[in-house]
Amino acid sequence: MENSVVAGVFDEIANILDILGENPFRIRSYRAAARRIADMPESVTAMAREGRDLTAVPGIGVSIAEKVREIAATGRCAFLADLRGKIPRGLPELLRIEGLGPKKVKLFHERLGIDSVDRLEEAARSGALKKLPGMGGKSEENLLGAIGRYRAGRGRFTLSTGIEYAESLARFLREARGTAAIEAAGSVRRRRETVGDLDILAISSDGPGLMERFFRYDGIEERTARGGTKSSARLACGLNVDLRVLEEGEYGAALQYFTGSKEHNIALRGRAAARGLKLSEYGVFRGERRVAGRSEEEVYAALGLPVIPPELRENRGELSAAEQGALPDLVELRDIRGDLQMHTTATDGRGTIAEMAEKAKKLGYEYIAITEHSKAVRVAGGLDAKKLAAHLRAIEKAAGAYPGLRILKGVEVDILPDGSLDLDDGILAECDLVVASVHYRFNLPEKEMTRRIVRAIGNRRVQILGHPTGRLILERPGYEVEMEEVVKAAKEHGVVLEVNAHPSRLDLRDTHVRLAVERGVKLAISTDAHAPSQLDLMRYGVYTARRGWAEAADVINTFPLKRMLAALKR
DNA sequence: GCCGTTTTCGGCCCGACTGTTTTCAGTCG
């Protein structure tokens with residue numbers, strides 16, 4: 001069973017306990033455990049079945065370990081079933097509406113019998129809500145807006161959307177007079193796969209002027225707050241942006257604080273407290289005196305640590321690694337020497353071989369691989385053996401025009417439902433590079449899907465496993481597969497796992513990258529480009545690899561050609 | 001519910017903002 005499912009159980013428990021008005025610390029424990037489990041690279045139910053000690057996992061104690069074992073054994077959780085009976089089915093969903101927390105959900109239900117988004121909207125429209133204590137016309141109005149946004153599913157955005165707006169806003173604001181620093185913090189800076197909003201921090205000698213300019217930004221739809229140090233707005237795309245103007249002496253502390261993650265900050269604050277210090281967004285304090293805050297270097301140094309790269313700040317062991325001087329030397333975009341998955345007009349790509357090669361040259365690459373779909377992918381016009389053979393010759397011919405760039409003759413062959421490949425051995429043997437991927441029959445039971453992929457990995461022609469879970473961020477979850485088994489098989493057969501750099505895929509995801517790195521399995525960061533411009537998406541794959549603690553040595557397309565080819569051998 | 005070089009009991013991060021108040025509750029990050 002996927003960890004996200006187990007995490008979902010504990011999140012739901014937390015939500016219901018929250019509405020019931022339970023002890024907030026007990027609720028926090030369930031949420032912390034849920035988050036911890038979702039982040040674990042190993043399958044927690046598998047650990048339970050193997051009889052391993054789950055209480056060794058931080059955040060999991062006797063009670064939650066017991067529930068995990070129950071879920072692993074029976075697929076259900078009696079405690080949750082019991083809780084569900086205590087409140088109407090629709091209440092937990094209401095918590096997902098912006099500005100609505102457990103107290104109000106409870107109040108609305110007790111006083112007006114509201115148990116669904118529809119009934120909530122009705123009550124808001126009829127003016128019934130504003131008569132309740134603590135509510136008023138403004139609250140009602142805001143709630144209606146939030147319901148609309150919730151319905152539009154505008155909650156989160158892909159990292160690329162977040163980064164594009166963050167960079168555009170920063171460029172725009174940098175032009176304001178008196179702006180000394182401008183930077184996006186938050187999940188964008190940590191390069192999380194999705195972002196909920198933007199936190200932009202600034203130092204300015206003219207705060208009001210900067211706020212003024214902020215509200216003149218083109219994409220702004222609505223001003224939602226305006227204060228001396230903080231203003232907020234919602235962009236037309238639905239993204240919320242906070243702009244904070246800070247003093248020089250607190251900028252580093254604020255950058256650290258607003259970059260998060262929350263979990264990293266909590267751990268860091270605990271570390272501060274243990275040293276008789278207090279850490280807040282205003283600095284590191286000993287008593288009343290600020291001892292650090294100007295820069296992140298200063299803040300971390302005051303706590304006896306080197307600066308931790310933002311991508312690692314998830315409280316997944318980065319603090320102890322930093323303490324021991326064992327932080328990884330993370331892979332960087334400039335380490336990348338080539339791109340090992342892309343498509344051309346021969347199938348569903350929108351660039352010719354020559355156009356892809358031109359773009360690769362501009363990026364300074366030493367090599368690329370053209371990896372066309374195989375015939376099972378009908379919608380993409382996948383190639384059969386005969387057409388692929390012709391295409392391989394076309395690649396050879398085109399390659400002559402690019403002496404400094406090695407163009408590998410590749411294929412992205414489909415993994416059929418039984419784990420066999422869509423093309424036979426003869427034609428695969430003619431390719432320099434075989435990437436194998438799943439493109440249909442996603443709904444196999446986990447065991448079968450795992451068998452399917454593991455069998456493909458066992459095929460001696462396969463060198464890279466493409467987008468290993470098949471997910472599309474914010475659109476569909478990946479297929480159910482035991483990643484532990486996949487990584488194990490990859491290790492055994494010397495198969496490389498792809499980190500697909502497309503912002504909607506980022507697959508392997510960060511926690512799976514970490515698992516692969518820990519097990520010594522090599523990675524390839526590939527854009528899967530379907531147009532020349534998409535070769536620029538490489539940065540997102542690098543971010544994801546960094547979030548998984550990958551170093552250049554873990555990523556084969558940071559190697560020079562000869563060494564890269566050697567790494568593909570199996 | 002979790003956790004422990006001060007604790008196996010008694011803590012658990014902490015401050016800003018909003019909308020409602022007449023000193024604060026709820027939500028958010």
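Helices here are DSSP runs of H or I with at least four residues, strands are runs of E with at least two, and both are numbered from the N terminus.

The model is predicted: local features need pLDDT of at least 70, side-chain atom pairs count only at pLDDT 80 or more, and totals for chains, interfaces and linings use all residues. Residues are numbered from 1 along each chain as its sequence is written.

Next I looked up the axes. Those of α8 (residues 117-126) and α9 (residues 137-151) come within 9 Å and cross at roughly 150° (lines fitted to C-alpha atoms over the stretch in contact, with angles from 0 to 180 degrees between N-to-C directions). That makes α8 roughly antiparallel to α9 (angles over 145 degrees count so).

Then I listed the contact (heavy atoms within 4.5 Å). The α8 side includes Val-117, Leu-120 and Arg-125, and the α9 side includes Glu-140, Leu-143 and Tyr-150.

I turned to the sheet. I found 3 strands in an open sheet, ordered β8-β9-β10, with antiparallel pairing (two strands pair if DSSP finds at least two bridges between them). The edge strands are β8 (278-280) and β10 (289-292), each pairing on one side only. I noted an average twist of 40° from one strand to the next.

Last, I checked β9 (residues 283-286). Strand β9 pairs with β10 in the antiparallel sense over 3 bridges. Val-284 has Ala-292 of β10 as its bridge partner.

How values were computed:
Chains are lettered from A and ligands numbered from 1 in the order in which they are written. Side-chain values use heavy atoms; hydrogens and water are left out. Angles under 35 degrees count as roughly parallel, over 145 as roughly antiparallel, 65 to 115 as roughly perpendicular and the rest as oblique.
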